[in-house]
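Hello,

Here is the structure I promised to pass on. Please open it beside this message; my notes follow below.

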Amino acid sequence: MSEITLADLAHEVRSKNAGPFWVTMELFLRDADGYRIAADESFLNERVIAQLYRVEESTVQMFRIPSLNVVKISFPRPISQGSLRDRDMHAGQHHVPLARMPIKRPADRDR
């Protein structure tokens, strides 16, 4: 059986610039059940994002918006937009590791 990911629970997972020094990612979940999983602080939190994107945990900002089934995440860009080493000028590909995060099924969570 194939692994279920955050992308499978979402209408859209996207990332974009939030100015030249920040990245914002948004998870637009399909329904309240998907939102409950993505918004669960024991599953997705600042520490997880910091490890996934190699940024300082204290710099990660998370916003959970239940009325819209949205989780929004912001953190400083590791390389400022447009600098010599910038490989993603619009931060349009930063969402991929987040989208690929595996979801544990309820039976798997007890293990």
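From the N terminus on, the elements run α-β-β-α-α-β-β-α-α. That makes five helices and four strands in the chain. Helices (H or I, at least four residues) and strands (E, at least two) are DSSP runs, numbered from the N terminus.

Two notes on reading the model. It is predicted, so local features need pLDDT of at least 70 and side-chain atom pairs count only at pLDDT 80 or more, while totals for chains, interfaces and linings use all residues. Residues are numbered from 1 along each chain as its sequence is written, and side-chain values use heavy atoms, with hydrogens and water left out.

The chain overall

The chain has 111 residues, and 37% of them count as buried. Buried means under 20% relative accessible area, exposed over 50%, and partly exposed in between (1.4 Å probe, protein chains only). The accessible surface is about 7000 Å². Carbon and sulfur atoms hold 51% of that surface. Areas come from the Shrake-Rupley method with a 1.4 Å probe; for residues, only the protein chains shown count as cover. Take the contacts in the chain with a separation of 6 or more: 58% of them join residues 24 or more positions apart. Contact means heavy atoms within 4.5 Å.

The sheet

The four strands form an open sheet in the order E1-E2-E4-E3, with antiparallel pairing. Strands E1 (10-17) and E3 (61-65) stand at the edges; each has a single partner strand, so one side of each is left without a neighbour in the sheet. From one strand to the next, the twist averages 10°. Two strands pair if DSSP finds at least two bridges between them.

E3 and E4 (residues 70-76) are joined by five bridges, in the antiparallel sense. Glutamine 61 stands opposite serine 74 of E4. Methionine 62 faces isoleucine 73 of E4 in the pairing. E3 and E4 form a hairpin with four residues between them. In that turn, asparagine 69 has a positive phi of about 55°.

Threonine 24 sits in strand E2. It is buried, with a relative accessible area of 6%. Its side chain makes a polar contact with the side chain of serine 74, at 2.9 Å. A polar contact is a pair of N or O atoms within 3.5 Å; within protein, one must be able to donate a hydrogen and the other to accept it, and residues adjacent in sequence count only if both atoms are side-chain atoms. Leaving aside neighbours within four places in sequence, the contacts of threonine 24 include Arg14, Lys16 and Lys72.

Helix H3

Helix H3 (residues 46-53) packs on the sheet and touches E2 (22-29), E3 and E4. The direction of H3 makes about 55° with that of E4. Axes are lines fitted to C-alpha atoms, for helices over the stretch in contact, and angles run from 0 to 180 degrees between N-to-C directions.

Which residues of H3 are buried? They are Val48, Ile49, Ala50 and Tyr53. Their cover includes E2, E3, E4 and H4. At the start of H3, a side-chain oxygen of asparagine 45 comes to within 3.0 Å of the backbone nitrogen of arginine 47. Just after H3, arginine 54 takes a positive phi of about 55°.

The core

A nonpolar core is a set of buried Ala, Val, Leu, Ile, Met, Phe, Trp, Tyr and Cys residues joined through side-chain atoms within 4.5 Å. The largest one has 26 residues, of which Leu44, Val71, Ile73 and Leu98 touch the most other members. The elements giving two or more residues to this core are H1 (6-9), E1, E2, H2 (32-39), H3, E4 and H4.

Leucine 98 lies in helix H4 (residues 96-99). It counts as buried, at 0% relative accessibility. Leucine 98 and leucine 6 are 92 residues apart in sequence, yet 7.2 Å apart in space, C-alpha to C-alpha. Beyond its neighbours within four places in sequence, leucine 98 is in contact with residues including Leu6, Val13, Leu27, Leu44 and Ile73.

Histidine 95 is in the loop between E4 and H4. It also counts as buried, at 17% relative accessibility. Not counting residues up to four places away in sequence, histidine 95 touches Val13, Arg14, Ser15, Met25 and Tyr53.

Best wishes
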